[in-house]
Amino acid sequence: MESSSMSVFSFASVAPYLLSLIAFLVFLEQISYLKRKRLIPGPAFVFPFIGNAFSLVRDPTKFWDLQSALAKSSDLGISANYIVGRFIVFIRSTDLSHKVFANVRPDAFHLIGHPFGKKLFGKHNLIYMMGQEHKDIRRRIAPNFTPKALVAYNSLQQVVILKHLMAWETLAFNASPAPISLRLLCRDMNLDTSQTVFVGPYLSQEARERFNHDYNFFNVGLMKLPIDLPGFAFREARLAVARLIKTLAGCTEESKVKMEAGEEPRCLIDFWMQETLREIAAATDSGEPSPPHLANAEIGGHLFDFLFAAQDASTSSLLWAVTFLDSHPDVLAKVREEVAGIWSPESDSMITAEQLREMRYTEAVAREVVRIRAPATMVPHIAGEDFQLTESYTIPKGTIVFPSVFESSFQGFPEPEKFEPERFMENRQEDRFYKKNYLAFGAGAHQCVGQRYAINHLVLFIAMFTTLLDFKRHRTDGCDDLSYVPTICPKDDCKVYLFRRCARYPSFS
């Protein structure tokens, strides 16, 4: 009894000091935040340590809309906030976004892809490379996206798209009279496409199922608080990435064996390994050591980067393409007329690379979809050192900076809120005149190396979807509002009614 009383007494005696210490630390944190924020718009008070993290996780659309509104209220075009112990700066200004993209180097900005990306992707990921090392890796990646390689991918993409569109029609028939949601269906189609195009022959059906399971863990973890402890989604995501990279490293090894045996490339990793083996042979012939960064695990990590970039961004674009085509029947009619003059499903032949190039209006639609709904709305960087962003504001070291490519898409272009594919046609060429505002594929040293592949995939989907199927959106209030999952998608997951439009599906044999 006496011991218990002593414990209560001891705690009661130190409690005021503990509370005073906590209050002092909170005060210091608040002063630090205000010192870094200075006069740029942002919350006047932030919660200790967590800042506004709960607001971001609970409703990311509302959070970033507020940051955008704050930035718009400032002549500088920037705003501030505080998330899980990190000071952040949101950049709405296109010119300042370009300034960040142009200064990716050790003493300025480091691309991070995700606020806590190094824990997820690993420190040696392609995202975090810079300088000559980064240039060398991009040079090795370039053969994966040559015209010859893109032709090979073109066939693989169409086979997968056709398979899924046929399945969607069956799902829609069985669900009738209710609509079906396209978001997860598009995600699964894109994952199938990415697996087939990148490492297709080297993934068994069982490996694909494990891959899909792990990728789902990764996707969920991206949107959760970065708590790296057992039972938390972020930990599950990190472990899933490690398993995915291990699987892709195994595919890399198998591809090396096939290419060394002189077989023809059938997927992206084959084109990559074919060039890699040539590079190793050239180094051996000249008596030089083998080039760096050729380990299977490292290449597996780069393959995961491609898959991540192709997967979620492409899913977003496909969904918005359906959304805007439904709400713009005149555009849909022009697409169908153009495609019908070039390709017929009854021909049982695939859309060739030449035919794809002829679909100029359909490509303009694809580019306008990407402009008006840039899938990855922001490209996070971290300030490696203090950086003078403007004459009146210096970004403090350690700040996470969010240049908004989404906001840039609504600057410069005439009537930017209007969905108007004609802006990308030859007679207007707004993609040239307002090139600095078209940042959906990034800019600078880390500009997307696979953007031609991404546009081709979107054009193929639009051409086949609109030709093979009739569709109608199930429209409700707010159904087209933005939802972050983690790229932006329609809030209702793009609910549609689908019906077969063609007399019969093509037979790609």
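Colleague: What should I keep in mind about the model?

Modeller: It is predicted, with local features needing pLDDT of at least 70 and side-chain atom pairs pLDDT 80 or more, while totals for chains, interfaces and linings use all residues. Residues are numbered from 1 along each chain as its sequence is written, and side-chain values use heavy atoms, without hydrogens and water.

Colleague: Why are helix 12 and helix 13 called roughly perpendicular?

Modeller: Helices are DSSP runs of H or I with at least four residues, strands runs of E with at least two, numbered from the N terminus. Helix 12 (residues 296–327) and helix 13 (residues 329–340) pack at about 110°, their axes 5 Å apart. Angles from 65 to 115 degrees count as roughly perpendicular, so this pair is described that way.

Colleague: Which residues of helix 12 and helix 13 make the contact?

Modeller: Contact means heavy atoms within 4.5 Å. Helix 12 brings Leu-325, Asp-326 and Ser-327, and helix 13 brings Pro-329, Val-331, Leu-332 and Val-335.

Colleague: What makes strand 2 and strand 8 a pair?

Modeller: Pairing asks for at least two bridges found by DSSP. Strand 2 (residues 86–91) and strand 8 (residues 400–403) have four, in the parallel sense, so they count as paired. Phe-90 has Phe-402 in strand 8 as its bridge partner.

Colleague: And in which order do the strands of the open sheet lie?

Modeller: The five strands follow the order 1-2-8-5-3, with mixed pairing. Strand 1 (78–83) and strand 3 (109–111) are the edge strands, each pairing on one side only.

Methods: Axes are lines fitted to C-alpha atoms, for helices over the stretch in contact, and angles run from 0 to 180 degrees between N-to-C directions. Angles under 35 degrees count as roughly parallel, over 145 as roughly antiparallel, 65 to 115 as roughly perpendicular and the rest as oblique.
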